[in-house]
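Subject: Structure for your review, with findings

Dear colleague,

Please find below the sequence and structure that I am handing over to you. My notes on what was found in it come directly after.

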Amino acid sequence: MSGAHARHARGRSAATDGAGRTFRMDAGIPESPSRPTAPPTITTTSVIGEAGTIEEAPAGGEAATAAESFPGPKPYTTAVTAAATPKASTTPKASTPKASNAQKTDLITEITASLVVFLVALPLCIGVAVASGVPAELGIISGVIGGLVVGAARGSTLQVSGPAAGLAALVAETVLEHGVAMLGVIVLFSGLLQIVLGLIKFGRFFQAISLAVVQGMLAGIGLPLMFSQAYPAADAKAPGTPIENMAGVPGLLADTAGNPQALIAAGLGIVTVVLSFLWKKVPGPVRKVPAALVAVGIGIAVAALPGVDVRTLQVGNLLASVDVPGAEQFAGLADVGIITAILTFTVIASAESLFTAAAVDRMHDGPRTRYNPELIAQGAGNTVAGLLGALPITAVVARSSANVQAGAKTRLSRTLHGLWLLAFALLLPQVLALIPISVLAGVLIHSGWKLFAPEEFPKMWRQDRGECAVMTLTTLVIVATALLEGVLVGLAAGIVLAAVRMSQTVIRQHTDHDTAKVVMAGNATFLRLPEVIEALEAAAESGKPRIRLDLTGVTHLDHACRSQVEEFVTQQRGKGLRVELLLPGPAQRPATPGEPTADRPAQPVPLPRRPTAPAPSPAPGPTAEWFYLDTRPMPEDFAERYAQEYAPRYTEEHAAHGYGPGYTDAYAQGYPQGHAPH
């Protein structure tokens with residue numbers, strides 16, 4: 001539609017939508033009916049109807065509204081006939097050979113990935129159990145549950161769960177204090193609590209924890225783990241607490257140097273650690289074999305040599321190791337120490353699982369983790385593990401990364417790895433008895449180093465020294481006391497750091513003639529109260545008869561600062577000073593125009609303003625007519641040609657609709673005279 005024709009819409013307001021189209025809305029003024037033109041093009045898409053036919057439907061309600069509201073005939077609207085809508089076949093198409101091959105390839109990839117995860121998980125399950133001070137079979141049971149229960153549940157797709165090295169020190173401490181029999185009750189109620197937290201949508205809360213606290217927690221877990229496993233690596237027994245283990249390292253080195261068998265065991269442990277660090281640099285397909293499995297093979301071969309007497313794993317019957325909690329164990333819930341252990345297990349296991357989920361999501365471009373369902377899945381796994389008296393379950397980065405790198409795309413791989421663990425433990429338990437304990441200790445020393453991640457400390461120092469202080473404090477408190485205490489101290493330190501940084505208050509003081517002015521901006525909290533008091537006292541001691549306190553730039557004024565300011569105002573006014581206080585927040589009721597106040601003389605009452613008509617709504621109404629504006633400049637002779645071609649036709653239409661001759665004559669003569677109708 002041309003620009004002149006667009007101006008022809010008399011008595012209507014125009015607006016433009018986001019697509020550049022302009023619509024007109026009735027303003028209640030009579031106008032000549034516009035000449036029918038082609039409606040906007042309506043894009044149609046094919047949809048399957050209930051009867052199985054392919055139906056043509058407009059691509060959105062906007063196009064449908066445009067077509068329905070367009071006045072007059074619609075010569076350009078294409079009707080879809082029944083002959084043009086073929087019936088959709090209800091017979092399912094047979095799968096093509098190409099699709100079948102793709103499905104077969106995907107299945108093979110999932111099975112291969114499950115075997116890779118199984119080979120990674122087997123030594124870890126056994127090593128975590130040994131480090132936790134419980135029979136190795138309990139670690140395998142937890143691995144089976146992590147695959148068959150957690151792996152089959154919804155939440156994360158590629159994350160693999162099982163017994164984790166991050167909880168080994170905590171489990172060992174709990175077993176030492178309360179015994180193996182109470183472990184099942186603690187894990188059981190931790191799982192139930194995780195399910196409750198997931199049901200109340202608490203999973204996302206763990207993402208609000210400071211990264212410095214998380215890294216400090218992991219470092220506080222990894223550092224004691226390395227020192228505690230240094231003793232089994234030399235076929236020795238750890239003294240006990242992390243501090244004692246660190247202090248006993250010189251004596252461990254001296255005892256190992258004087259014992260040939262201990263030297264062999266320590267050599268196997270060192271070889272395992274070195275392989276774990278360097279195996280990823282091995283070229284070729286050999287690198288796909290897990291380093292831990294290679295170390296286990298080397299350890300079994302060395303232990304079988306004549307004259308070698310190193311400690312190997314003691315394995316019993318898998319089913320006989322199941323210890324269902326009884327009434328005596330449930331009675332232990334009255335102990336405050338048991339309740340504390342349940343809360344600690346819940347917080348640490350949940351945090352480690354959800355933090356691992358975030359890390360695994362960054363490894364692939366598949367479906368993202370749904371945190372609340374994943375927390376429920378972890379709780380279900382720990383509930384089953386607690387009923388069987390097994391180790392607690394969390395998500396494990398090592399197994400999850402192996403699963404992603406092996407090309408897994410679905411939950412099938414992580415579920416099958418639990419099946420392979422179960423089959424191996426039931427059919428080949430005698431093979432486990434050949435594994436040297438020092439090799440498993442070496443695997444966990446490598447895991448502890450990855451948890452400790454010493455390179456993160458200088459990196460954090462360069463990025464944020466305050467956060468680095470929180471991270472270091474969390475690690476030191478965990479090593480010196482316990483895991484829960486360290487995490488709580490770290491959280492408190494992080495909150496204090498955030499509060500101090502958020503309480504940035506800018507205070508400016510100056511005098512202007514007879515007024516002492518104090519201007520504040522930022523967040524005024526109790527942490528900045530000394531600075532606020534100092535500024536107020538300086539204003540009072542200035543000797544000026546007037547004080548102006550401008551707090552309108554304060555984004556947050558807590559109760560302590562507000563009370564201090566209001567108390568200061570009351571005291572100074574009591575001394576006869578004129579104090580003007582401007583507080584932040586919503587404006588108070590304004591004084592009546594012209595009403596004098598203490599700080600403002602009387603002002604003349606302003607004249608009332610003429611009310612303006614509300615702007616027309618930009619949204620199209622039911623009578624909207626869509627058209628397009630032509631922004632090109634009109635030729636000089638357009639008015640004359642328009643009068644000759646279009647004006648007579650509109651004159652006939654106006655007469656047919658009952659408009660008077662004056663209207664039609666003006667319409668016909670207006671354009672040649674250069675007067676565009678408005």
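This is a predicted model: local features need pLDDT of at least 70, side-chain atom pairs count only at pLDDT 80 or more; totals for chains, interfaces and linings use all residues.

Cavity and pocket

The structure holds 1 cavity of 30 Å³ or more. The volume of the largest cavity is about 30 Å³. Its lining is made up of Val128, Ser132, Pro163, Ala164, Leu167, Ala168, Val171, Leu391 and Pro392. Sorted by class, this lining of the largest cavity comprises 8 nonpolar residues and 1 polar residue, with no charged residues.

Turning to the pockets, the second largest pocket contains about 1,000 Å³ of space. It is lined by 34 residues, and those closest to its centre are Ala131, Ala172, Ser228, Ala238 and Gly240. Which elements give two or more residues to the lining of this pocket? They are α3 (97-131), α5 (168-178), α7 (211-230), α8 (242-247) and α20 (465-480). The element that gives the most is α5, with 7 residues. By class, the lining of the second largest pocket has 20 nonpolar, 10 polar and 4 charged residues.

Surface patch and a buried residue

On the surface, a nonpolar patch is formed by Ile270, Val274, Phe277, Leu278 and Trp449. Together these residues have about 450 Å² of accessible area. Helix α10 (residues 260-278) supplies the largest share of the patch, namely 4 residues. Ile270 is one of the residues found in helix α10. Its relative accessibility is 54%, so Ile270 counts as exposed.

Another isoleucine, Ile348, lies in helix α13 (residues 336-361). Is Ile348 buried or exposed? Ile348 counts as buried because its relative accessibility is 1%, and the cut-off for that class is under 20%. The C-alpha atom of Ile348 is 9.0 Å from that of Val487, although the two residues are 139 residues apart along the chain.

Salt bridges

A search of the whole structure finds 5 salt bridges. Three of them are described here, starting with the pair of Asp464 and Arg501.

In the salt bridge between Asp464 and Arg501, the closest N and O atoms are 2.6 Å apart. This pair links distant parts of the chain, 37 residues apart: Asp464 is in the loop between α19 (456-463) and α20, while Arg501 is in helix α21 (residues 483-502). Arg501 has 37% relative accessibility and therefore counts as partly exposed.

The side chains of Glu580 and Arg548 also meet in a salt bridge, with an N to O distance of 2.8 Å. Glu580 lies in strand β10 (residues 578-582) and Arg548 in strand β9 (residues 546-557), so this pair ties together parts that are 32 residues apart in sequence. With a relative accessible area of 26%, Arg548 is partly exposed.

Glu566 and Arg562 form a further salt bridge through their side chains, at 3.8 Å from N to O. Both residues lie in helix α23 (residues 559-574), where they are 4 residues apart, about one turn of the helix. Glu566 is partly exposed, its relative accessible area being 37%. Arg562 likewise counts as partly exposed, at 28% relative accessibility.

Finally, I would draw your attention to Lys201 and His513. The phi angle of Lys201 is near 60°, which is a positive value in a residue other than glycine. Lys201 is located in the loop between α6 (183-199) and α7. With 61% relative accessibility, Lys201 counts as exposed.

Where does His513 lie? Its place is in the loop between β7 (505-512) and β8 (515-524). His513 counts as exposed because its relative accessibility is 71%, and the cut-off for that class is over 50%.

With kind regards

Key. Residues are numbered from 1 along each chain as its sequence is written. Side-chain values use heavy atoms; hydrogens and water are left out. On a 1 Å grid over the protein atoms alone, a cavity is a set of points where a 1.4 Å probe fits but cannot get out, and a pocket is an open set with protein on both sides within 12 Å along at least five of seven lines; lining residues have an atom within 4 Å of a point. Grid points are joined across faces, edges and corners, and a volume is the space filled by probe spheres set on the points. Ala, Val, Leu, Ile, Met, Phe, Trp, Tyr, Cys and Pro count as nonpolar, Asp, Glu, Lys and Arg as charged, and the others, Gly among them, as polar. Patches are made of residues with over 30% relative accessible area and no salt bridge: like charges are joined within 9 Å, nonpolar side chains (Val, Leu, Ile, Met, Phe, Trp, Tyr) within 5 Å. Accessible areas come from the Shrake-Rupley method with a 1.4 Å probe; for residues, only the protein chains shown count as cover. A salt bridge is a side-chain nitrogen of Lys or Arg within 4 Å of a carboxyl oxygen of Asp or Glu. Buried means under 20% relative accessible area, exposed over 50%, partly exposed in between (1.4 Å probe, protein chains only).
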